[in-house]
Amino acid sequence: MTYGTCAKSPRLSQCALKQCVGGIGVNAAVALIDLLTWIASGYTAKRMRHTSSSTPFSIKKKATKMHIATLLQIACLSAALSACGGNSASTPAAAPKLISQQQLNEKVNNFRVSKGLPAVAVVVIEQDQIELAVSGKRRIDAADSIGINDQFQIGSLTKAVTATLIARLVEKKKLRWDSSLSEVFPAWRDLMRPEWKSVTVQQLLRHRSGLPRDFSETDFLGLQPQLSGNMQLDRATAGLWFLQQPPVFAADSQYAYSNLGYMIVGLMAEAVGGDSYENLLAREVLTPLQMQASFGFPEDAGPGTPAGHVMANGIWQVAQNTPETQLWLAAVAAAGGLNLSVADYGRFLREQLRGLAGKSNFLTQANFNLMHMPVDGYGFGWIIAIAPDLGTVSVHDGSAGSYFGSAALVPHRNVAVAVLCNCASDPSNDLINQFAGSFATLLTKPTAP
């Protein structure tokens, strides 16, 4: 198994009618409510931004953009859906499918070719059925076509998968949602700062712990002499390091996106599960849902695999992943380290829909609901909005810097969509989000009675 991950750090921002403020001091729930109001009014809506280090421990961040608006274009259909009797209290009866396999294939291929992207993979879940389409090349400098089972690095889409692992441990009574750091790490109780002792699992999952967003150069320099080369031990060393630093803000006082929070949650899983995060995820989530996954980048597995791409001088080039990048990414595996095929990610999304509808034996419906219950606009690995006539809408995106993925769930319409690409840049990320939004809009379109 190879290790390594990347997770973009989303921050809510305001654009179009307002100057972007980078999410500092912006209440996520208010931002999402405003977003939906703008959509209903026909305005360009707010965006969510992600940031990641251009080098593993660089303080400077390279911004990429996410259009929550494009993923929530479905809200524009509010009036029409009202005419169909849609509401958040019940799931409507099955209707004729809104896109055929041939239409899906053509739509995906036309999009990729017209936008000049290396490869695109799409999964659509409609009426509990998974439909897939892929187009393009594994890498821009080779002839191999992308396949349904080829893996993509999904970045921060991993967070919802990690939250699902935690839910499994909660149901096995190895954790509680309110388990605190001092409970789970008794050996660290006298080593961590007192402010961290009462921080809970739920606060970490909701980005309300007070942890910073990511590693800084100062953190790396302080940690480097303590690293052993054993990733599981080094993650624990890094976790304790951050728990010995002062919090950025008081726990549960605000939302501030943190990859480190999910790193700590992964350590909590390891502590109570008695195994590595990667092995626990395989045992508790991937195997039961018949999913295959790896960590690192897909190209780490060698020839015949997809590669990530970055834009240089207007041309897509195969990305070069440095050892430093791999080290940092491995440390925050629980925040964004998964490689999944579009087919396997579709299985995960379908189980989320089933669980929210009370049709899954994988977790209780109560825990599925909790993962999609917003506090300041964020659930457990999902950005949440309550859309008129659509109920709860869950969205997220993720990137490792050379891959990008965008996903949306509309449980009360029993539909979901995800678009994955083996490339990443600000313009292409926008395009992917818009493309995902176009599917969300199509799949929630009312049909004739």
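This briefing walks through the fold of one protein chain, from overall confidence down to single residues. The model is predicted, so local features need pLDDT of at least 70 and side-chain atom pairs count only at pLDDT 80 or more, while totals for chains, interfaces and linings use all residues. Residues are numbered from 1 along each chain as its sequence is written, and side-chain values use heavy atoms, with hydrogens and water left out.

**Overall picture**

- The protein chain averages a pLDDT of 81, and 78% of the residues score at least 70; pLDDT is the predictor's confidence in each residue, from 0 to 100.
- Please take care with residues 1-93, where pLDDT stays under 50 and the model has 254 contacts beyond four places in sequence; a contact means heavy atoms within 4.5 Å.
- The protein chain has 16 helices and 14 strands, where helices (H or I, at least four residues) and strands (E, at least two) are DSSP runs, numbered from the N terminus.
- Of the 449 residues of the protein chain, 58% count as buried; buried means under 20% relative accessible area, exposed over 50%, and partly exposed in between (1.4 Å probe, protein chains only).
- Among contacts between residues at least 6 apart in sequence, 70% join residues at least 24 apart.

**The nonpolar core**

- In soluble globular proteins, nonpolar side chains tend to be buried together.
- Here the largest nonpolar core has 118 residues, and those with the most contacts inside it are Val122, Ile166, Leu181, Phe215 and Leu349; such a core is a set of buried Ala, Val, Leu, Ile, Met, Phe, Trp, Tyr and Cys residues joined through side-chain atoms within 4.5 Å.
- Leaving aside residues up to four places away in sequence, Val122 touches residues including Leu104, Val108, Val342, Val417, Phe435 and Phe439.

**A closer look at strand 4**

- Strand 4 (residues 119-126) is largely enclosed by the rest of the structure, because eight of its eight residues are buried.
- In a regular strand the side chains alternate between the two faces of the sheet.
- Ala119, Ala121, Val123 and Ile125 point one way from strand 4, while Val120, Val122, Val124 and Glu126 point the other way.
- Eight bridges join strand 4 to the antiparallel strand 5 (residues 129-136), with Ile125 opposite Ile130 and Val124 opposite Glu131.
- The hairpin of strand 4 and strand 5 has two residues between the strands, and Gln127 takes a positive phi near 55° there.
- Seven bridges join strand 4 to strand 14 (residues 415-421), which run antiparallel, and Val417 is the bridge partner of Val124 in strand 14.

- A second open sheet has the order 6-10-7, with antiparallel pairing.
- Its edge strands are strand 6 (151-153) and strand 7 (293-295), each pairing on one side only.
- Neighbouring strands of this sheet are turned by 35° against each other on average, direction ignored.
- Three bridges join strand 7 to strand 10 (residues 338-341), with Ser294 partnered by Asn339.

**Helix packing**

- Helix 10 (residues 259-273) and helix 11 (residues 277-286) pack at an angle of about 75°, with their axes 9 Å apart.
- The two helices are therefore roughly perpendicular to each other; angles under 35 degrees count as roughly parallel, over 145 as roughly antiparallel, 65 to 115 as roughly perpendicular and the rest as oblique.
- Their contact is made by Gly266, Ala269, Glu270 and Gly273 of helix 10 and Tyr277, Leu280 and Arg283 of helix 11.
- In helix 12 (residues 323-331), the buried residues include Trp328 and Leu329, and their cover includes helix 9 (231-243), helix 10 and helix 13 (333-336).

Notes: Two strands pair if DSSP finds at least two bridges between them. Axes are lines fitted to C-alpha atoms, for helices over the stretch in contact, and angles run from 0 to 180 degrees between N-to-C directions.
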